[in-house]
Each structure stands twice: as structure tokens, then as C-alpha cells.
Amino acid sequence: MKRKNIKIETKLIREGLNRTNFSETSEPIFMTSSYVYDSPEQAEARFKGDDDGFIYSRYGNPTVKVFEDRLASIEGGEKCFATSTGMAAVFSSMMCFLEQGDKIVASRALFGSCYQILTKIFPKYGINTTFVSGKNIEEWEQAIDDDTKAVFFETPSNPTLEIIDIAAVSQIAKKVGAKVVIDNVFATPILQKPLQLGVDIVVYSGTKHIDGQGRALGGAIISDNEYYEKHLKPYMRHTGASLSPFNAWIMLKGLETLKLRVEHQSDSALKLAEYYLKHKKIKQVIYPSKNTHDQYGLIKSQMSKGGTLLTMILDGGKKEVFKMLNNLEIIDISNNLGDTKSLITHPATTTHYSLGQEGRKEAGISDGMIRLSVGLENHEDLIDDLDKSLDKI
Ligand SMILES: Cc1ncc(COP(=O)(O)O)c(C=O)c1O
């Protein structure tokens, strides 16, 4: 927006808005694969880069552009490229600039598919990763060296909600010129601003809180101009993981209510965390707040609220967890998160199954662990649902 000092609530609704001659209220959906030119001269000018218009929807689309401009502005970045999924964002954000022989340093506590990319796919192209315990700054210091070209982590992590010191890790990476890539899915653009803490590239799964209503897959990569022009734009244009205009429209509608949803869901998650601290069948509650996390000082310095995810460890293992999940009446069993509907999953047999027993042990994921994504329902109804199911164990 042209006006300065526009607040985030206003940006979420209005940034990037570009009305057509029909003066529509809601952003139009441009379901078009390609564009026509007034003349061959104009077509030539577009391909040469002398004319700004659209060329092909794999490169760019007016509805997708509103979403990209709005998200870049909210995040405080210069540019955004919207992707077909969150995993396309994670993969492309690094693949677009890394070369054979480059090294990545990453935290061990990662979403399963991110771990697969780093351990199974990148090594095929000569890009190898050194894993560290994200909480331990000394391990980052030791692992990041002159060969390191990218540093990758998520905070809070999935599902152990481990917190990584974004500013400290970014500072270490800067010394060797490595790019810092963060998966900010759990914190959302509302609760944590990684670019202000020294991160270079922020990636999102829009499938999570940004849509937040279980409708569409999508993702985004936010960065400065230089990385976007030099690495990201050419890579995305030619490899094709672009976001569909229809899904971009859904994500735009999601952004309009993002702050309200994330803040309300985070407040409910905190209430549940406090409640389950005292429950006899819950061994441990992990939630980024004062009474439920040992990194509270760091949390306060980089997050404005604890987020919508809550992890609990039951007194028992897989059998007890399955019994509890089978008795829920409101909360759905699902591996998605960030939705208006509360969703619960058993990471050991779903999202983190592919890590194997040993990998899960290293990542701190036990068989008694459940991850709850707190939705917009009344928190007392959620507690009632959980309590009744816990009683059945
Ligand atoms: C932390 C995190 N990063 C990335 C992804 C991938 O997103 P998507 O499913 O949109 O590809 C997910 C979830 O699936 C996630 O939880």
C-alpha cells in the first residue's frame, strides 16, 4: 500500500488489492493459464522483460500476485513466490541456489518430509546436511563452516515444540555467508517475524494456518529482491511448482482472518496447556508458555504468543494413545494443523513414522506423544472431549 505505517490488520485485508473496471469488492479469480498480446511487438517486449504484463500462469497470475504481494508485505520481505504446496516451498527455497558440494546445516527436529528432502533427495545431487540439536548454540557454531551455504530449521519444531534462537543462529550463519532458511509454519506470520531477526528466507505451508479451513494446499517463499531475481524466480518459472489462481484466492480469504484465528486459537491452546499440566493421565505438557516450557525467556524474545499447537505425553504408549483417540467425539484425528477444527495426531505412527524408531528417539518423539492443533471451538468443549477420552484409558 502507498500509505506508510499501515498496521498488520489492515494489510491482511487490503495489501495488493488491484480492482478491475468492474469495481468488485472481493478479489477476482483469474482462472487463466495464459495471456494474449495486442501485437507481436508487445509479446516480444514481455519476453525481453521490457513490459511488465503477465506471460503465462506458471510464471505469474494476477490473483496469485495479490496473495504474494500481501504476504511479502505482512512478513516484511521484498518479494514472495507462491508455491503449490508447503513442501514445494521448502524444497525450492534451497534447491534454487544450492550447488553440488554445498553443505546445509539443519536442526534435527524437523517435519518428516523436510527430513526426507535433506537426507534422501539432496544427497543425490551432492548436497549434504549436518544435523545439530537446534537448542544447542555451540553445536551450530561447530557445524557451520566455510562450506556451509544454507542453514535450515523450524521453530517451534514439529511436534516437540523445541525453540531455536533465531537471532543467534542467523548471526553465526552470516559470518560464513550462508543463507538462513526458516520454516515458520508453526509460528505463522502473526506470532513471529524471522526476517527482523536476521533470517534471509521464510517458507510457509499455506495449507496450514493461512488457509486454516482445510480447503487447499499451498505454500510461499518470502525473501529480498536479490535472491528472488537471481535464484528463485528463474528456478520457479522453469520447474513449475506454482500456486493455482483458485488456491491463491482461498489463501487470500484465509489471510483476511488469519490474525483473529491465530490469536484466538493460541489463547485456547494456552488454556488447555495450563489445564493439562495438572491432569493425572498426562505425564508432560509441552507448550511455548511460562509454566509449560523450559525455554520461556527465548520464547518471549521472539514470539508474541505460544501458537496453536500443543504437545502432550500420555502416561502410556501407543495402545493408550489409540484408545484415547478412538473415544474422541469433537476433536478429529488428522495430521493437518492450523485448522479452525481441532485436529489431533499420534506423530510416531503418522507424520514422523518414516523416521524409524531410532530417528524418532533422536528427535525426542515417544510412543505416548500426541500433538493437538487447537481450533476455534469453545475451549471448554475441547477439554470436556479430551477428559472423557482420557477417562476411558
Ligand atoms: C512444519 C511443516 N512444514 C512443511 C509442511 C508441508 O506443507 P504442505 O503439506 O503444504 O506441503 C508441513 C505440513 O505438512 C509442516 O507441518
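Mentor: The chain divides into domain 1 (8-254) and domain 2 (258-391); these bounds come from an automatic or database domain assignment. This is a predicted model, in which local features need pLDDT of at least 70, side-chain atom pairs count only at pLDDT 80 or more, and totals for chains, interfaces and linings use all residues. Residues are numbered from 1 along each chain as its sequence is written.

Trainee: What distance separates the centres of domain 1 and domain 2?

Mentor: Taken over C-alpha atoms, the centres are 27 Å apart. The contact takes 30 residues from domain 1 and 37 residues from domain 2, where two residues are in contact if their C-beta atoms, placed from the backbone, lie within 7 Å.

Trainee: Now the sheets. In what order do the 7 strands of the open sheet run?

Mentor: The order is 1-7-6-5-4-2-3, with mixed pairing; two strands pair if DSSP finds at least two bridges between them. Strand 1 (79-83) and strand 3 (128-132) are at the edges with a single partner strand each, so one side of each has no neighbour in the sheet. Direction ignored, neighbouring strands of this sheet are turned by 20 degrees against each other on average.

Trainee: How many bridges join strand 2 to strand 4?

Mentor: There are 4 bridges between strand 2 (residues 103-107) and strand 4 (residues 148-154), and the two run parallel. Val-105 has Val-151 as its bridge partner in strand 4. Helix 4 (residues 86-95) packs on this sheet, and its direction makes about 160 degrees with that of strand 6 (201-205). Axes are lines fitted to C-alpha atoms, for helices over the stretch in contact, and angles run from 0 to 180 degrees between N-to-C directions.

Trainee: And the ligand: which residues are closest?

Mentor: Thr-85, Gly-86, Met-87, Ser-205 and Thr-207 are the closest of the 14 residues that surround the ligand; a residue is near a molecule if its C-beta atom, placed from the backbone, lies within 6 Å of it. Helix 4 gives the most to this shell, with 3 residues. The shell divides into 5 nonpolar, 7 polar and 2 charged residues.

Trainee: What of the sheet with 5 strands?

Mentor: That open sheet has the order 8-9-12-11-10, and its pairing is mixed. Strand 11 (residues 343-345) and strand 12 (residues 369-373) are antiparallel, with 3 bridges, and Leu-343 has Ser-373 as its bridge partner in strand 12. Helix 10 (residues 245-276) packs on the sheet, touching strand 8 and strand 9 (309-314).

Trainee: One last residue. Is Thr-292 buried or exposed?

Mentor: Thr-292 is buried, because 21 other C-beta atoms lie within 10 Å; the cut-off is 20 or more for buried, 12 or fewer for exposed, and partly exposed in between, with C-beta atoms placed from the backbone. Thr-292 lies in the loop between strand 8 (282-286) and helix 11 (296-302). Its contacts, not counting residues up to four places away in sequence, are Ala-273, Leu-277, Val-285, Ile-286 and Tyr-287.

Definitions and conventions: Ala, Val, Leu, Ile, Met, Phe, Trp, Tyr, Cys and Pro count as nonpolar, Asp, Glu, Lys and Arg as charged, and the others, Gly among them, as polar.
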